[in-house]
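Hi,

Here is the structure I promised to pass on. Please have a look, and my notes follow below.

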Amino acid sequence: VEGRTLVISQASGMVGAYDPKDGSLVWKVRYGQGYSVVPRPVYANGLLYVASGFDRAKLLAIDPVGAKGDVTESHVVWTEDRQIPKTPSFVEGGGHLYLVDDTGSVTCRDGKTGKQLWREKAPGNFSSSPVLAGDKLYLATEDGVTYLMEVSPKGGKIVHEADLGDRIFASPIVLDGVMYIRSEGQLWKIAES
């Protein structure tokens, strides 16, 4: 940001930006009583997106440009507290955020305004984070069911599902056109044949 590398670290009740050279706090945003912050921060569209964690998660969009000290009142662009994940991280693509909350509510939000563009339901409970590859969103439930959802800012639709028969808590990854999923008892490699 502005030619400066920052380390973003979330904690109970706040997110801070730190100078990696000496660990000093550059700026912070307070977000209340959150704890067990699991979703990773995402930097896109010139904004930093963070979720506040348990009990009631909030999503905040923070403008880091010119931030110094406590910027809670001056640099938070928008906040939202509906269908925000406590555990899964969210992904960004084409200026839009795609989120799945812990109960399977899948939403698309405009990255600049936070406006919810659509909401769909994926059956199951989720701990793993979604993966976005092009216009495909990959989701894996705690019960081992994986979903392929085609997404755009106009809507989302589940087009395929597969039951792997083994619980999934880890997030899948896509590498060189191959998806890897770690379930409780297996490591899965899924590729086109």
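Predicted model: local features only at pLDDT ≥ 70, side-chain atom pairs only at ≥ 80, totals over all residues.

Residues are numbered from 1 along each chain as its sequence is written, and side-chain values use heavy atoms, with hydrogens and water left out.

The largest pocket has a volume of about 410 Å³. (A pocket is an open set of points on a 1 Å grid over the protein atoms alone where a 1.4 Å probe fits, with protein on both sides within 12 Å along at least five of seven lines; lining residues have an atom within 4 Å of a point. The volume is the space filled by probe spheres set on the points, which are joined across faces, edges and corners.) Its lining has 19 residues, with Tyr138, Leu148, Met179, Ile190 and Ala191 nearest the centre. By class, 14 are nonpolar, three polar and two charged (Ala, Val, Leu, Ile, Met, Phe, Trp, Tyr, Cys and Pro count as nonpolar, Asp, Glu, Lys and Arg as charged, the others, Gly among them, as polar).

The second largest pocket holds about 160 Å³. Its lining has seven charged, two polar and two nonpolar residues, including Asp55, Arg56 and Lys86.

Gly93 counts as buried because its relative accessibility is 18% (buried means under 20% relative accessible area, with a 1.4 Å probe and protein chains only). Beyond its neighbours within four places in sequence, Gly93 is in contact with Tyr98 and Leu132 (heavy atoms within 4.5 Å).

Best wishes

Methods:
Buried < 20%, exposed > 50% of the residue type's maximum accessible area, 1.4 Å probe, protein only.
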